[in-house]
Amino acid sequence: MTRGIAALEAGVHDYIRYYNHERIKLGLQGLSPVEYRLRNTA
């Protein structure tokens with residue numbers, strides 16, 4: 001059972017990383033959320 005929980009945690013972590021770092025959002029001028037924040041705070 002713990003192996004299933006570890007796999008679930010890894011999957012959630014991977015998805016959150018994708019959602020924040022790799023996902024392109026047209027409303028953010030074609031940038032990922034992290035790229036947009038970094039560009040607008042620098």
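Visitor: Where do Y15 and Y19 lie, and how many residues apart are they?

Guide: In this predicted model, Y15 and Y19 are both part of helix α1. They stand four residues apart, about one turn of the helix.

Visitor: Why is the pair of Y15 and Y19 called tilted?

Guide: Their ring centres are 5.9 Å apart, and rings count as a pair if their centres lie within 6.5 Å. The angle between their planes is 40°. Planes under 30 degrees apart would be stacked and those over 60 edge-to-face, so the pair is tilted.

Visitor: How many aromatic pairs does a search of the whole structure find?

Guide: The search finds two aromatic pairs. Y15 and Y18 form a tilted pair, with 6.2 Å from centre to centre and 45° between the planes. These two residues are three apart in helix α1, which means that about one helical turn separates them. Together, Y15, Y18 and Y19 make one aromatic cluster.

Visitor: What makes Y18 partly exposed?

Guide: The relative accessible area of Y18 is 38%. Buried requires a value under 20% and exposed a value over 50%, so Y18 is partly exposed. Y19, at 36%, is likewise partly exposed.

Visitor: Why does S32 count as buried?

Guide: S32 has 1% relative accessibility. The limit for buried is under 20%, and S32 therefore counts as buried.

Visitor: Where is S32 found, and which residues does S32 touch?

Guide: S32 is in the loop between α1 and α2. Leaving aside residues up to four places away in sequence, S32 touches N20, H21, E22, R23 and I24.

Visitor: How do you know that the side chain of S32 reaches the backbone oxygen of H21?

Guide: The distance is 3.3 Å, and a polar contact calls for N or O atoms within 3.5 Å.

Visitor: Is Q29 buried or exposed?

Guide: Q29 has a relative accessible area of 51%. Exposed means over 50%, so Q29 is exposed. Q29 is placed in the loop between α1 (2-22) and α2 (33-41).

Visitor: What is the phi of Q29?

Guide: Phi of Q29 is near 60°, a positive value in a residue other than glycine. Most residues other than glycine have a negative phi.

Visitor: What does the secondary structure of the chain come to?

Guide: The chain has two helices and zero strands. Of its 42 residues, 12% are buried.

Note on methods: Residues numbered from 1 in each chain as written. Predicted model: local features only at pLDDT ≥ 70, side-chain atom pairs only at ≥ 80, totals over all residues. Heavy atoms only, no water. Buried < 20%, exposed > 50% of the residue type's maximum accessible area, 1.4 Å probe, protein only. Polar contact = N/O pair within 3.5 Å; in protein donor to acceptor, adjacent residues only side chain to side chain. Contact = heavy atoms within 4.5 Å. Phe/Tyr/Trp six-rings, centres within 6.5 Å; stacked < 30°, edge-to-face > 60°.
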